[in-house]
Amino acid sequence: MEVAILFGMVIGLMLIGVPIAVSLGFSSTIFLLVLSDTSLGSIAQSFFQAMAGHYTLLAIPFFILASSFMSTGGVARRIIRFSIAIVGHFPGGLAIAGVFACMLFAALSGSSPATVVAIGSIVIAGMRQVGYSKDFAAGVIANAGTLGILIPPSIVMVVYASATDVSVGRMFLAGVIPGLLAGTMLMLTIYIIAKIRDLPKGEWKGWGEVFEAGREAGWGLFLIVIILGGIYGGIFTPTEAAAVAAVYAFFIASFVYRDMGPLAGKDGAPNLPLVRKPIALITAFFHKDTKDTVFEAGKLTVTLMFIIANALILKHVLTDEQIPQSIAAAMLDAGFGPVVFLIIVNVILLIGGQFMEPSGLIVIVAPLVFPIAIELGIDPIHLGIIMVVNMEIGMITPPVGLNLFVTSGVAGMPMMRVVRAALPFLAVLFVFLIMVTYIPWLSTWLPTTFMGPEIITR
Amino acid sequence: MSGHYRAETVLGQFVNELEETFIAIILGLMTIITFINVVLRYGFNTGLIWGLEMTSFLFAWLVLFGVSYAVKVTAHLGVDAVINVVPPNVRRVLVLTSVAVCVAYAALLMKGAWDYWANFANLPQTTGRWFPTGLEEMKRTSYRGWYEVVDIPFPEWLRWIQPIMNEGEDYEKIPRFIPYAMLPFGVALLLFRFIQAGVRIWRGQADSLIVSHEAEDAVDDVAHMNRGD
């Protein structure tokens, strides 16, 4: 009963326009003061410790910083050029290249709206120029943009790992196959539609262009190698890998791509090579562009962490009151098996994912469903991937999916048109969700192969 | 619905610049310390023993300091699906209610933040469970300024605080009240900014406390690229 009131209060506050973080924190604080003997002082302490005491969460600001350096530079443009060089000559080539570019960009950034903005703004304009309808273009990008949180590195996965004490490395590996699968399914669908509707295809520009574009984009894409290679090679912890990635991204953006910082050409002038202005090696650290990018990343970190810190207070309430355990017992008594449980999880997350920022949602839902899943014998990594995919789909499910909003802004289309445009591809992602939910090895095979079988502690 | 934030007065611009710079510096420091530690480990087989603790505290500082800034520029994430479809007068009531909730939240947290910090700063905690009803009497055991952090060494130039906080005895590591000071400071700023936001909304200069996703500004920047059909 108390749980229902608690969650009712959280949702009610959110709906009247209270920031998500405050809805979570305020409800939990009231609850703790009324029901337990926790003092306000210890709530403040757990708020401080949310940052100072969670080593895993420390990876989040660094991942955000790396991806802001990557998205301020002309990385999106280079990735798109590379994608077009590779898949542009197929029927529906530019649309397929759009999906491919979203997959690559997702590997550099951990956020779905950011992917839609960076890739979508360029690709949608490009697709319209060669004769695609705006609706088709918007539908493709809205769906492909959601891959941002599934393909590693992913902030949502870091949050899940931290909330449930599973390994970040395993989660990242687990996202690889589902991420590639989802991308491939979307690209195949486009290919089939293109064959039927005779959509335009680009021309094959030869291997020279592939290599040239690949070399250009490669500087950025090497970031993935640093992160994944560093973690699985045992060189870095995920947090260190993220910090190294951020420093690498800074160097690439300032000295190789030179679209920001002291070497960037002003007002359309070409970017300077480093030899012409060697002092840039020092000034780049203090340049206004650098400061602005670090600041933007800091601001985004603050808003995300404010939600996560308050969600951790809510988690404190849930564990104090033994709520997950009692729900688990009730479900087992009622004879619910894993299948029904997973359907319930799907539904909760699909609804939640429409309204809420994914990382905040996962901090709340994960501690609630995790103990139940373990009782039912569901693999924690598999559960994590299911949750991520669910939220991905929640973001493009009408009526209020977040990615639909972003796409409608980027494409300059009313919401309802984006919804209709996204529907055919949404159906594909639904099939994908069912596959991920009921075929565990899609998620578990890669981490088990590389990191050995997992030890599950209850 | 956010817009790009613009300060109106000279003081406002100065404070804004100060806040943005501080946020950038904290995140920059966190990154550099962590990076240097990796380099030291592989290049020189050594490391900054205090690096991790320092980064963790800076992380807490970043968020605690930054939340008030995010209120000021309307960057906190929320759900605007309902408030965007109700008539303007209903919306106004809902938004003002949400401001009241935010102020209450910050006020509760303020009491908690003070109590927790005072604990380590030789200052009296407040009495009362929900609201501060007074100050606790300082007993002999209430002076806990001698509590230190785990790893960060005490810098020489701070020795002058020893007579004030630690009866003249030497600190080996920095005392806890220093990193924890950001807790009451940040929460006090948060309370102030929520009240300020409330005043803005009351006067009709703003119409919401939240944005629906983190890329709202970025969307505005690229929206011109795909206008029309």
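A residue is called buried when its relative accessible area is under 20%, exposed when that area is over 50%, and partly exposed in between. The structure discussed here is a predicted model. With the cut-off of 20% for buried residues, B:Arg193 counts as buried because its relative accessible area is 10%.

**Salt bridges**

Side chains of opposite charge can pair when their charged atoms come close. A search of the whole structure finds 11 salt bridges over all chains, and three of them are set out below.

| Salt bridge | Closest N and O atoms |
|---|---|
| A:Glu216 with A:Arg78 | 3.1 Å |
| A:Lys288 with A:Asp292 | 2.7 Å |
| B:Glu19 with B:Arg193 | 3.4 Å |

In chain B, the salt bridge of B:Glu19 with B:Arg193 has its closest N and O atoms 3.4 Å apart. This pair links distant parts of the chain, since B:Glu19 lies in helix α1 (residues 10-44) of chain B and B:Arg193 in helix α6 (residues 182-202) of chain B, 174 residues apart. B:Glu19 is buried, with a relative accessibility of 5%, and B:Arg193, at 10%, is buried too. B:Glu19 and B:Arg193 also belong, together with B:Lys72, to a network of salt bridges.

In chain A, A:Glu216 forms a salt bridge with A:Arg78, and their closest N and O atoms are 3.1 Å apart. A:Glu216 lies in helix α11 (residues 207-232) of chain A and A:Arg78 in helix α5 (residues 75-87) of chain A, so the pair ties together parts that are 138 residues apart in sequence. A:Glu216 counts as partly exposed because its relative accessibility is 25%, whereas A:Arg78, at 9%, counts as buried.

A:Lys288 counts as exposed, with 56% relative accessibility, while A:Asp292 is partly exposed at 26%.

**Nonpolar surface patch**

Which residues form a nonpolar patch on the surface? The patch is formed by A:Phe336, A:Val339, A:Val340, A:Ile343, A:Ile344, A:Val347, A:Ile348, A:Ile351, A:Ile434 and A:Tyr438, which together have about 820 Å² of accessible area. Two helices of chain A, α16 (338-355) and α20 (415-438), each supply at least two residues of this patch, and the largest share, seven residues, comes from α16(A). One of the patch residues, A:Val339, has its place in helix α16 of chain A and counts as partly exposed because its relative accessibility is 47%.

Helix α10 (residues 168-197) and helix α18 (residues 380-394), both of chain A, pack at an angle of about 55 degrees, with their axes 10 Å apart. At that angle, α10(A) and α18(A) are therefore oblique to each other, and α10(A) passes α18(A) in a right-handed crossing.

A:Met1 lies in the segment before α1 (2-15) of chain A and counts as exposed, with a relative accessibility of 73%. The C-alpha atoms of A:Met1 and A:Ile177 are separated by 41 Å, the two residues being 176 residues apart along the chain.

Key:
Residues numbered from 1 in each chain as written. Chains lettered and ligands numbered in written order. Predicted model: local features only at pLDDT ≥ 70, side-chain atom pairs only at ≥ 80, totals over all residues. Heavy atoms only, no water. Patch = residues over 30% accessible without salt bridge, like charges linked within 9 Å, V, L, I, M, F, W, Y side chains within 5 Å. Areas by Shrake-Rupley, 256 points an atom, 1.4 Å probe, with all protein chains shown as cover. Salt bridge = Lys/Arg side-chain N within 4 Å of Asp/Glu carboxyl O. Helix = DSSP H or I, 4+ residues; strand = E, 2+ residues; numbered from the N terminus. Buried < 20%, exposed > 50% of the residue type's maximum accessible area, 1.4 Å probe, protein only. Axes fitted to C-alpha atoms, helices over the stretch in contact; angles between N-to-C directions. Parallel < 35°, antiparallel > 145°, perpendicular 65-115°, else oblique. Left-handed = near helix turned anticlockwise from the far one by under 90°.
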